[in-house]
Amino acid sequence: MLRALERYLRSRLEVSVRSGLPLAALCLLAAVVTVRATGAIASAPPQAAQAPAPAAGQTPGTSQPPPGAPAAGYVGSDTCTTCHTTEQDSLKGTAHAQAKNPRSPAATHGCESCHGPGEAHVNDDAKGHINKFPKMAAGEINAACLSCHDRGEHAGWEGSAHERRNLSCTTCHSVHAPKSFAHQLVKANETQLCVTCHRVQVAKTERAVAHMPVREGKMACTSCHNPHGSISNVKALKVGSSVGELCTSCHTEMRGPVLWEHTPVRENCATCHDPHGSSNDRMLVVRMPFLCQRCHVATKHPSSLYDTDEITTKKSNRMFGRSCVNCHSNIHGSNHPSGQFLMR
């Protein structure tokens, strides 16, 4: 249509030039032709609306599933509950059953969010074709859980100490049969869970001198450690990138900065203290003064505390009571101008 109109205007222009018609007449002629062309286009019968292209994997002529219907291969959680009633009831009140949370299984495919499409499972007499976590490898289990739990404290799982030892999420957590109210653990509390592997560390918490908040239930293993791994350190510490940063997050009075620093304190609190507990006073790794003697073996004081019967005859004050800290009481550092010996 447009090409025919263009040819027509060109022919009329040539005629007008030959006949000497004024420019105004030529413009009027072009306006009349335009109006006629517009009217012809408007009066043309409307064509039938083009049907939308079929979706991928859909043959022409088939209809789309109605809104709210399960996707292909999925049968819905209502079908699962016809056999797995106990498992469905165990999810009530847990985070997996919160349909208002768009990241929860209940907001997507329900049971099939974790176990996979269930249509083939329902039609199979052997009841296969489904993700059965007790029979799956650790890597497959972790991949299923990480499809949702891949952020926050779980971001460092890949390459963590527990992942390298081929542990799975179901080693510590249970979705359908948890024993604890928090974190859906397979044991009643974190201490009972961690002791199954970390027996030495948990046993230290029951010693005479230990972290009292742990035994009182005010602290747990996850207060200091992230069992899902850490990106910034190798001890799976929850805060900071070193032991010192973790300890000073609670023991802020030891943070500093101080004018006169004690080198072991700056390097690592665990040089002198055992954070899980000890049989020595103040959770020291070695009883004083032997703790100090591990470094200070050639100072102004005798290098050996047993010289000249220090224990039996002289009963040196460096051997009993608070030992070295009787005088060097600011052992974590001093701000006094003359405190280079960390004395009180």
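Which backbone oxygen lies 2.8 Å from a polar atom of the side chain of T248? In this predicted model, that atom is the backbone oxygen of G244. A polar contact is defined here as a pair of N or O atoms within 3.5 Å; within protein, one atom must be able to donate a hydrogen and the other to accept it, and residues adjacent in sequence count only if both atoms are side-chain atoms. The model is a prediction in which local features need pLDDT of at least 70 and side-chain atom pairs count only at pLDDT 80 or more, while totals for chains, interfaces and linings use all residues. Residues are numbered from 1 along each chain as its sequence is written, and side-chain values use heavy atoms, with hydrogens and water left out.

T248 belongs to helix α12 (residues 243-248). Helices (H or I, at least four residues) and strands (E, at least two) are DSSP runs, numbered from the N terminus. The relative accessibility of T248 is 15%, so this residue counts as buried. The classes are buried (under 20% relative accessible area), exposed (over 50%) and partly exposed (in between), computed with a 1.4 Å probe on protein chains only. Residues up to four places away in sequence aside, T248 touches M254 and R255, where contact means heavy atoms within 4.5 Å.

T205 is buried because its relative accessible area is 11%. Its side chain reaches the backbone oxygen of V202 at 2.4 Å. Beyond neighbours within four places in sequence, T205 is in contact with A210, V214, R215 and H276. With 30% relative accessibility, T191 counts as partly exposed.

The search of the whole structure for salt bridges returned 6, a salt bridge being a side-chain nitrogen of Lys or Arg within 4 Å of a carboxyl oxygen of Asp or Glu. One of them pairs D150 with R103, with the closest N and O atoms 3.5 Å apart. D150 lies in the loop between α7 (138-146) and α8 (161-164), and R103 in the loop between α4 (85-90) and α5 (112-115), so this pair ties together parts that are 47 residues apart in sequence. D150 is partly exposed, at a relative accessible area of 41%, and R103 is also partly exposed, at 36% relative accessibility. D150 additionally forms a salt bridge with R151, whose closest N and O atoms are 4.0 Å apart. R151 is exposed, with a relative accessible area of 53%. In another salt bridge, between D281 and R282, the closest N and O atoms are 2.7 Å apart. D281 counts as partly exposed at 48% relative accessibility, and R282 counts as partly exposed at 31%. Through shared partners, salt bridges join R103, D150 and R151 into one network.

The largest nonpolar core has 5 residues in all: L284, M288, L291, C292 and V325. Such a core is a set of buried Ala, Val, Leu, Ile, Met, Phe, Trp, Tyr and Cys residues joined through side-chain atoms within 4.5 Å. In soluble globular proteins, nonpolar side chains tend to be buried together. V325 touches R282, M288 and I331, with residues up to four places away in sequence not counted.

With a disulfide defined as a pair of cysteine sulfur atoms within 2.5 Å, the count comes to 0. The cysteine sulfur closest to that of C324 is in C292, at 3.7 Å, which is too far for a bond. C327 is likewise in no disulfide, the nearest cysteine sulfur being that of C324, 8.9 Å away. Both cysteines are partly exposed, C324 at 23% relative accessibility and C327 at 34%.

P337 is found in the segment after α14 (290-293). At 63% relative accessibility, P337 counts as exposed. Residues up to four places away in sequence not being counted, P337 touches L259 and W260. P337 and L259 are 78 residues apart in sequence, and their C-alpha atoms are 7.6 Å apart in space.
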